Amino acid sequence: MDTYSVITVAFLVFYLFAGIWAGRQTKTVEDHYVMSRSAPAFLITGTLVASNLSSVTFISFTGVAFKLGPHSMISMFGMSVAASLVLGLWLGKYFYRMELLTIPDFFKKRYSSRAVELISSLIVLISMSVYMIAVMLGTTVVAENLFGWSRSASLIGILAAITIFTVIGGMRSVVVTDTIMFVVFLIGGLIIGPAIIIKLGGIGPAIEQATASIPHVFDWHGTQSTFVGGMKLLETNMLSFVMVLAAPHLISRINIAKSEREFGKAMVYLAVALPIVIVGLIYSFSYLPLLNSEIKPVETFPWVARNLVPAFIGTIGLAGVIAAAISTTTSLFQQAAATLSSDIIKSFFKPDMSDDQLLKLSRFCVVLIAVFVFFGSSIDNIGAASIMYAFLFATSAFAAWLPSLYLGVMWKGATTKGALWSMGIGLPLIIALGLGKKAGIVPSWLPPNFFGLIVSTVIMVGVSLVTQNEANEEIIYTGDSVADSVQ
Amino acid sequence: MKEMNRNVGLYCALISGLVYVLLNIFLVFRLPKVLDTFLVFSWVFVPGIIGSLIFYVMDKKGSWDGKS
């Protein structure tokens, strides 16, 4: 193994032991699912940024910036910041007061329908699993590049590490290791990206050369036409909007906060850190064609890490990609396993299960999902577009439940039937649009998440207006005062 | 609540604001086409500056549930 491989393996071993050490206090279901609601702001920020920035960011987004220009990729994080602040400073506190263990828990409490509960659980399972596959696809690119391992070996090695400490430590392991990873890829991202500009002679010479050779980097639509660029901008911003407000592995972080204010503070920290990391990382890659225009987009980050920075820094960067993938995947694993065990198996098949049994089941479900992800990730052809596609497809599913989630908090008139029809039609529509896009039936510029969100919202509002609230719906936000929120 | 903790929103707004201004001076305003990048960077940084200030005001007014 070369220097890169040795340092990366050492780093991953450290990461594994950090996760196991952090998880040694995990004894109860509340610990495993929500860290016993004890997380301070910096841990919440760390886990959110780390979970948000997966290998998709490092491998695919940099590749897109390299090929098409930086602006659509950077602009989506503006929406991430705005949506995070809306959650942290306003809406999040209503979810916090419900004392949820999982996001499908919200649907169970707010709407009195087993069908709504089931659909919400399926949304979590399907979206988390496909998202995990997208993240693992990106990770294997780096692992193959770094170690020369085969696809299967990379998958087994990384999945084994993730499964071990998610099984043992649950949310606590995930959050603590996420925060370590946040620091690592903060360093990697702020040094790797700018290395491109430094190699070009600084920002002045870089701009001069770009003006002559690749002027598209200064246009908001990049190399695409105005219409296609506009739809891309819309799709990526909608992606962020839906992700931040509706992705279960992100909004579940509300439940781990030690107080409402602590969660709000965490969102403010995120609003400072995320723009700095993203601009530092992604913007620079749009200038990379000036140094090497022959690289495949999916290999841009590994190429820069190996060729433009000292070996140690490059290794941190590459290890950071694997770390970013692991941090996102552990969050996804934890959510998917929690939903499978608590919201599906316990809720529908074994309601009398004790907390001890549920904890054991949750751990078993992590392993089960790991096996599924392994087979799903064993795909022959990988490109930045495939990874991006899987990511967009997975996250579009959240658009199906977003209206039920937030209208359920903000509007007393949101009914169970509205939620049922909204998710029941929204989810298959989004899946159909996503598959249709892949098959070439649906235009490539059409964003499934945007149309899915519009359809789900219209159905939610329309059906709620013509139906009545069920007797045992739990109304959360009256709109009258904070004190009126249901405990 | 400790004074530093109460002013955390203000400090975050200042940090974000400073980085935003420096980026504009040393990068954006040197581009041959300024507006597109200026708008994108503004969209990324300005919500954070505003949100941080809102958090600061919420702390001053005691708008949380009392646990800090």
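Which element gives the most to the lining of the second largest cavity? The model considered here is predicted, and a search of the whole structure finds four cavities of 30 Å³ or more. The second largest cavity has a volume of about 70 Å³. Its lining is made up of L48(A), N52(A), S84(A), L87(A), V244(A), L250(A), F263(A), M267(A) and L270(A). Helices α3 (41-52), α5 and α12 of chain A are the elements that each give two or more residues to this lining. The answer to the opening question is α12(A), which gives the most, with three residues.

R97(A) forms a salt bridge with E260(A), and the closest N and O atoms are 2.7 Å apart. This pair links distant parts of the chain: R97(A) belongs to helix α5 (residues 71-97) of chain A, while E260(A) belongs to helix α12 (residues 260-285) of chain A, and 163 residues separate the two. Both R97(A) and E260(A) are buried. Over all chains, the count comes to 10 salt bridges.

Attention may now turn to K108(A). One of its salt bridges is formed with D105(A), where the closest N and O atoms are 3.6 Å apart. K108(A) and D105(A) both lie in helix α6 (residues 103-110) of chain A, three residues apart, which is about one turn of the helix. Are these two residues buried or exposed, or does either fall in between? K108(A) has a relative accessibility of 33% and therefore counts as partly exposed, because that class lies between the limits of 20% and 50%. D105(A), in contrast, is buried, because its relative accessible area is 10%, and buried means under 20%.

The side chain of K108(A) also meets that of D343(A) in a salt bridge, at 3.9 Å from N to O. Because K108(A) lies in helix α6 of chain A and D343(A) in helix α14 (residues 311-349) of chain A, the pair ties together parts that are 235 residues apart in sequence. D343(A) has a relative accessible area of 0% and is therefore buried. Through salt bridges that share partners, D105(A), K108(A) and D343(A) are joined into one network.

Methods:
Residues are numbered from 1 along each chain as its sequence is written. Chains are lettered from A and ligands numbered from 1 in the order in which they are written. This is a predicted model: local features need pLDDT of at least 70, side-chain atom pairs count only at pLDDT 80 or more; totals for chains, interfaces and linings use all residues. Side-chain values use heavy atoms; hydrogens and water are left out. A salt bridge is a side-chain nitrogen of Lys or Arg within 4 Å of a carboxyl oxygen of Asp or Glu. Helices (H or I, at least four residues) and strands (E, at least two) are DSSP runs, numbered from the N terminus. Buried means under 20% relative accessible area, exposed over 50%, partly exposed in between (1.4 Å probe, protein chains only). On a 1 Å grid over the protein atoms alone, a cavity is a set of points where a 1.4 Å probe fits but cannot get out, and a pocket is an open set with protein on both sides within 12 Å along at least five of seven lines; lining residues have an atom within 4 Å of a point. Grid points are joined across faces, edges and corners, and a volume is the space filled by probe spheres set on the points.
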